Amino acid sequence: MISVFSTSDNFRHGETIRSLAMSFGLIKVDSIIWNMQQKPVFDMLHELRPDVLFCSSFNINDEILNALDEYKNTKLVIIGDKPETEVTKDCLICYEENSPKNSISYHLRPAANVRAIRGKYNKIYECDVMSVCEQKSFIMNTVSESYKTKIFSFYNHIPDDYRYLGKISLDMFSDLVKSSKVFLEEHDNVQNLMNALANGTTVLTKNKIFLDNDNIKIFNKENIEEILKESTSLKGPVDSPTEILENHTCLSRLSDIMSILGHTKEVSLCKELITSLK
């Protein structure tokens with residue numbers, strides 16, 4: 001089996017596409033990232049003849065759809081809510097919020113990236129509050145300096161903040177969050193929350209997410225100090241929650257998608273690996 005993933009300028013879709021592509025690699029199935037700006041879709045389909053093509057809903061256009069009419073054995077999976085370009089070809093829409101009508105669909109909820117769930121405690125990384133931001137943090141400015149806080153980013157440099165320690169990789173994230181008492185998410189990046197939860201860390205977020213978990217605390221400007229005091233008084237990260245390892249990793253999402261598409265071998269490979277995570 002060969003799967004192809006289109007690149008996406010949309011941050012959230014790009015993260016999802018990379019997680020799913022990485023999951024194929026974990027089960028030893030060929031996956032290829034296709035830069036649609038550099039290689040025309042018809043050329044890509046001719047050279048690779050993929051079984052599945054994953055595209056962001058922001059990138060679907062008539063050129064892709066017309067080319068797929070010529071390569072009918074390639075199944076189309078659209079990541080994101082229904083695209084503006086009308087899609088008449090049979091496809092699977094992995095929607096985020098709005099379930100499409102008259103289409104095969106799957107509710108693609110955020111999930112922990114398997115690369116980020118095997119964190120190990122390191123005393124050097126220890127802190128009370130950790131955060132990952134791609135823009136300047138405001139709520140952290142209200143946090144008392146009595147807490148040892150560390151701010152990182154994946155992509156963007158954050159200027160003029162003494163707590164900002166630089167960019168990190170996803171692999172480094174797991175060790176850092178495992179060594180932190182609290183992970184604070186200010187900008188509603190649920191992917192980061194899921195990765196932190198998968199490491200057993202208490203997470204603070206402004207808004208509820210789809211998951212009920214004792215380690216999720218909802219904060220606002222008025223109660224942030226109270227919640228931090230309560231959360232940092234705990235001993236720190238616990239064992240990774242079985243519920244998340246079994247049902248809410250990118251491998252779980254890939255297994256569901258492959259099941260809908262009828263790829264039973266890949267479903268079995270995903271489930272075997274999920275079992276080994278526990």
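Q: How do helices α4 and α5 lie to each other?
A: First, the ground rules: this is a predicted model, where local features need pLDDT of at least 70, side-chain atom pairs count only at pLDDT 80 or more, and totals for chains, interfaces and linings use all residues. Helix α4 (residues 170–178) and helix α5 (residues 190–198) pack with their axes 9 Å apart, at an angle of about 55°, where axes are lines fitted to C-alpha atoms (for helices, over the stretch in contact) and angles run from 0 to 180 degrees between N-to-C directions. Angles under 35 degrees count as roughly parallel, over 145 as roughly antiparallel, 65 to 115 as roughly perpendicular and the rest as oblique. That leaves α4 and α5, therefore, oblique.

Q: How are residues numbered, and which atoms do side-chain values use?
A: Numbering starts from 1 along each chain as its sequence is written, while hydrogens and water are left out and side-chain values use heavy atoms. Helices (H or I, at least four residues) and strands (E, at least two) are DSSP runs, numbered from the N terminus.

Q: Is the crossing of α4 and α5 left-handed or right-handed?
A: The convention goes like this: left-handed if the near helix is turned anticlockwise from the far one by less than a right angle, right-handed if clockwise. By that rule, the α4 and α5 crossing is right-handed.

Q: Which residues make the contact of α4 and α5, and how many of them are charged?
A: Contact means heavy atoms within 4.5 Å. On the α4 side you have Leu170, Phe173 and Val177, and on the α5 side Asn192, Asn195 and Ala196. For classes, Ala, Val, Leu, Ile, Met, Phe, Trp, Tyr, Cys and Pro count as nonpolar, Asp, Glu, Lys and Arg as charged, and the others, Gly among them, as polar. The tally for this contact is four nonpolar, two polar and, for charged residues, none.

Q: Which residue in β6 is the bridge partner of tyrosine 95?
A: Strand β5 (residues 91–95) and β6 run parallel and are joined by four bridges. In one of these strands, β6, the partner of tyrosine 95 is histidine 107.

Q: Is methionine 258 buried or exposed?
A: Look in helix α8 for methionine 258. Leaving aside neighbours within four places in sequence, methionine 258 is in contact with Met1, Phe24, Phe54, His263, Glu266 and Val267. Buried means under 20% relative accessible area, exposed over 50%, and partly exposed in between (1.4 Å probe, protein chains only). With a relative accessible area of 0%, methionine 258 is buried.

Q: Which residue in β11 stands opposite phenylalanine 183?
A: Strand β10 (residues 180–185) is mostly covered, with five of its six residues buried. Three bridges join the parallel strands β7 (residues 127–132) and β10, and methionine 130 has phenylalanine 183 as its bridge partner there. Four bridges also join β10 to β11, again running parallel. Across in β11, phenylalanine 183 faces valine 203.

Q: How far apart in space are valine 203 and methionine 258, C-alpha to C-alpha?
A: In sequence, valine 203 and methionine 258 are 55 residues apart. In space, the C-alpha to C-alpha value is 31 Å.

Q: What is the phi of lysine 28 near?
A: Lysine 28 is in the loop between α1 (11–26) and β2, and counts as exposed at 74% relative accessibility. Its phi is a positive value in a residue other than glycine, near 65°.

Terms used: Two strands pair if DSSP finds at least two bridges between them.
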